[in-house]
Amino acid sequence: GSGQRWSHMEVGANAVFVCTCGGGPGAVIRVDAATLSVEPVRRRPVWMIAYGEGALWALTGESDTIERIDPKTSAVVESISLGRIGESGTGWRYRMAVGEGAIWVLAPASLWRIDSTTKRFVGSVPLGHSEEGSSVAIGDGAIWVAKPEGILLRVDPDSQTVAKTIPLGTLVYPADL
């Protein structure tokens with residue numbers, strides 16, 4: 001719709017993938033990093049994108065399917081149903097990050113690990129209830145979950161346990177901003 005704005009991007013495969021999925025499902029385009037040409041990737045509604053394990057991943061449908069997209073051809077290579085998670089709450093949208101050999105899906109009470117090669121669910125990490133607005137990222141050999149109530153969790157991908165709980169404290173803005 002006319003109210004959609006470019007809101008999320010992922011970088012990989014010599015391209016920048018940009019989505020209009022900020023306030024709801026949107027479209028995805030691919031910008032070639034060398035030629036700067038722009039082409040559509042997905043016109044069907046996408047809730048979120050992530051890049052990792054050599055592919056672009058899109059959360060589609062009513063936030064219940066993950067599609068693996070070939071970053072060069074934009075073809076959907078496979079789909080994974082999230083129906084097994086059975087944790088979606090009213091107004092909750094799954095979040096995902098891809099890396100460490102897996103797709104990590106953040107649900108209201110758990111972080112689910114899906115093997116990116118076999119598409120099998122290979123475990124989940126209980127996190128306690130998370131509020132809408134939680135986010136997940138991968139880096140430095142860990143999965144990171146930020147909860148809007150002010151907690152950062154460091155999840156070890158091998159043991160699939162919360163290795164550290166870091167309180168973020170009260171958010172204070174400097175007076176001169």
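## Contacts and basis of the model

Of the chain's contacts with a separation of 6 or more, 30% join residues 24 or more positions apart. Contact means heavy atoms within 4.5 Å.

This is a predicted model: local features need pLDDT of at least 70, side-chain atom pairs count only at pLDDT 80 or more, and totals for chains, interfaces and linings use all residues. Residues are numbered from 1 along each chain as its sequence is written, and side-chain values use heavy atoms, with hydrogens and water left out.

## Overall build

The chain has 15 strands and zero helices. Both are DSSP runs numbered from the N terminus: helices are H or I with at least four residues, strands are E with at least two. The chain is as compact as a globular protein of its length, because its radius of gyration is 17 Å, close to the 16 Å from the globule rule for 177 residues. That radius is taken over C-alpha atoms, and the rule is 2.2 Å times the number of residues to the power 0.38. Along the principal axes, the C-alpha atoms fill a box of roughly 50 × 45 × 35 Å.

Of the 177 residues, 44% are buried. Buried means under 20% relative accessible area, exposed over 50%, and partly exposed in between (1.4 Å probe, protein chains only).

## The cores

A nonpolar core is a set of buried Ala, Val, Leu, Ile, Met, Phe, Trp, Tyr and Cys residues joined through side-chain atoms within 4.5 Å. The largest one has 32 residues. Ile-66, Leu-82, Ile-103, Val-105 and Leu-111 have the most contacts inside this core. Several strands give two or more residues to it, including S4 (38–52), S10 (110–115) and S14 (151–156). S9 gives the largest share, five residues.

Beyond its neighbours within four places in sequence, Val-105 is in contact with residues including Ile-66, Leu-82, Tyr-94, Leu-111 and Trp-112. A second, separate core has 12 residues, among them Cys-21, Val-28, Val-41 and Leu-56.

Glu-78 sits in strand S7 (residues 76–81). Glu-78 is buried, with a relative accessible area of 19%. Setting aside residues up to four places away in sequence, Glu-78 touches Ile-66, Glu-67, Arg-68, Ser-116 and Lys-119.

Val-31 belongs to strand S3 (residues 26–32). Val-31 counts as buried at 18% relative accessibility. Outside four places in sequence, its contacts are Asn-14, Ala-15, Val-16, Leu-36, Ser-37 and Val-38. Val-31 and Trp-47 are 16 residues apart in sequence, and their C-alpha atoms are 19 Å apart in space.
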